[in-house]
Amino acid sequence: MNRELIIVIEQLAREKGIDSEILFEAVESALLSGSKKTHAAAENSRIEIDRKTGAVRAYTRKKVVAEVTDAQIEISLEDAKRLNPAAEIDDELELPEKPPELGRIGAQTVKQVILQRVRDAEREGIYAEFVGKEGQILRGVVHRIEKRNVILEIGKAEAILPEREQIPGERYNPGDRIRAFVLEVRRTIKGPQIALSRTHPGYLARLFETEIPEIQEAIVIVKATAREAGERAKVAVASTKRDVDPIGACVGLRGTRIQVISRELRGEKIDIIEWSHDPATFVARALSPAKVSSVTVREPVEGEEQPVALVIVPDNQLSLAIGKKGQNARLAAKLTGMRIDIKSESEVEAERAQAEAAELGRQALAGLPGVDDAVMAVLRDAGIGSPAAAVAAGIEKLGTLEGVGDRANALYRAAADWVAAHAPPPPDDEALATEPADADEQPVDAPRAAASE
């Protein structure tokens, strides 16, 4: 019987992939628990199974005392000396006992303890196997679908592919073999939970490593990835050797390599760009296929978390740089880790002209009679930055401003004179000058209004 116990334990260890020592310890613990159920074994008892013969031995640990008050846990010094001449007061001795015989209840307890320990060992083994695989790609078989979450079988373990981590539009059926990125492995009450993803940018990077030999050999390096799963992605790559084109290595002959990756991602369009140490150059490349006129990068100030890049593009490239629903700009921002502001050349020119006009207006206002630095500060705080703005505000509002008061009339007249002197000349339209004023008693711009309706 004892030899059979060893055979059963070793066979179970092979089937479950568990260390046989764990099972021996489980059986010892189960036998001890069972004996407590039937014979009320003391807490200081211990059961040991010989790993070679399978013999079961029981021991009781007792403390050496001068006078025994509890025979279950204590032994007199005289009796201890008979067993071990070197025994002293306060020493602890292990005394052999007869192995307990298990009744029906004890046997049931042994079975429950062993099963629980086997389950715990299996769960710990699965966790130890997969916790080191976070960030890697695994292949599994679809086992079932629960509330749009896909449950996959991966060896002896089950993994979950949540709906939010699935590529939009993909459909799965039991038996399908799919690849996914290990997002997280964590312990739970029900055992280890393996969370997968097919939308994570890391999945794209791992696919590049799998399909492109130059990346496996570290000749080409994936520096950054950005994705909007199922639609479009951007990948920044760099070469460690000058004679190797990183983009060409990733695309492959006639696009064969990149097509394999795109098909795995349900036709996702992938832009491959060359990474650069220079942030401005990297931003310009990240916005491809749009052509960029200039890029200005500034470091984040207080309250900002990312550097800011101001990108100026030709007018005919603005929509291409922004992309459909802002997708190209979003992906470029994710790829570079910056906040990207995109403006057209005409928009920048208009802002420059507006700034120049505002500065000229400010200088003109400051040059009016009676306007010193104090008055200028009051006007600026009130939103009045030019003679035209002073005229538009009116005498009444100017008079209410602290520091202007009685000078409001003089300030208003000086501003009005400046505006009149710098007013643009009237249009030289001979047709308007010669047209009768009372022709059908109709305003000059009435036909234009009617045409626009």
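# Reading the labels in a predicted model

In this predicted model, the axes of α9 and helix α11 (residues 327–336) come within 9 Å and cross at roughly 145 degrees. α9 passes α11 in a right-handed crossing.

Q: Which residues make the contact of α9 with α11?
A: Phe 282, Val 283 and Ala 286 in α9 meet Ala 332, Leu 335 and Thr 336 in α11. By class, five of these residues are nonpolar, one is polar and none is charged.

Q: What makes Phe 282 count as buried?
A: Its relative accessible area is 7%. Buried means under 20%, so Phe 282 is buried.

Q: How many aromatic pairs does a search of the whole structure find?
A: The search finds one aromatic pair. Its members are Trp 275 and Phe 282.

Q: How do you know that Trp 275 and Phe 282 form a pair, and why is the pair called edge-to-face?
A: A pair of aromatic rings is described by the distance of the centres and the angle of the planes. Here the rings are 6.4 Å apart, centre to centre, with 65 degrees between the planes. Centres must lie within 6.5 Å, and planes over 60 degrees apart count as edge-to-face.

Q: Why is Trp 275 called partly exposed?
A: Trp 275 has a relative accessible area of 22%.

Q: Why is α14 called roughly antiparallel to α15?
A: Helix α14 (residues 387–400) and helix α15 (residues 408–421) pack at an angle of about 160 degrees, with their axes 9 Å apart. Angles over 145 degrees count as roughly antiparallel, so α14 is roughly antiparallel to α15. The crossing of these two helices is left-handed.

Q: Which residues of α14 and α15 meet?
A: On the α14 side are Pro 387, Ala 388, Ala 390, Val 391, Gly 394, Ile 395, Leu 398 and Gly 399. They meet Ala 408, Asn 409, Leu 411, Tyr 412, Ala 415, Ala 416, Trp 418 and Val 419 in α15. The residues of this contact divide into 13 nonpolar, three polar and no charged.

Q: What is phi in Arg 148, and where does Arg 148 lie?
A: Arg 148 is not a glycine, yet it has a positive phi of about 70 degrees. Arg 148 lies in the loop between β5 and β6.

Q: How do you know that Lys 147 and Arg 148 are exposed?
A: The relative accessible area of Lys 147 is 79%, and that of Arg 148 is 60%. Exposed means over 50%, so Lys 147 is exposed and Arg 148 is exposed.

Q: What makes Glu 129 partly exposed?
A: Glu 129, in helix α4 (residues 104–130), has a relative accessible area of 44%. That value lies between 20% and 50%, and therefore Glu 129 is partly exposed.

Q: What kind of peptide bond joins Ser 288 and Pro 289?
A: The bond is a cis peptide bond, with omega about 15 degrees. Pro 289 is in the loop between α9 (279–286) and β13 (294–298).

Methods: Residues are numbered from 1 along each chain as its sequence is written. This is a predicted model: local features need pLDDT of at least 70, side-chain atom pairs count only at pLDDT 80 or more; totals for chains, interfaces and linings use all residues. Side-chain values use heavy atoms; hydrogens and water are left out. Axes are lines fitted to C-alpha atoms, for helices over the stretch in contact, and angles run from 0 to 180 degrees between N-to-C directions. Helices (H or I, at least four residues) and strands (E, at least two) are DSSP runs, numbered from the N terminus. Angles under 35 degrees count as roughly parallel, over 145 as roughly antiparallel, 65 to 115 as roughly perpendicular and the rest as oblique. A crossing is left-handed if the near helix is turned anticlockwise from the far one by less than a right angle, and right-handed if clockwise. Contact means heavy atoms within 4.5 Å. Ala, Val, Leu, Ile, Met, Phe, Trp, Tyr, Cys and Pro count as nonpolar, Asp, Glu, Lys and Arg as charged, and the others, Gly among them, as polar. Rings of Phe, Tyr and Trp (its six-membered ring) pair if their centres lie within 6.5 Å; planes under 30 degrees apart count as stacked, over 60 as edge-to-face and the rest as tilted. Buried means under 20% relative accessible area, exposed over 50%, partly exposed in between (1.4 Å probe, protein chains only).
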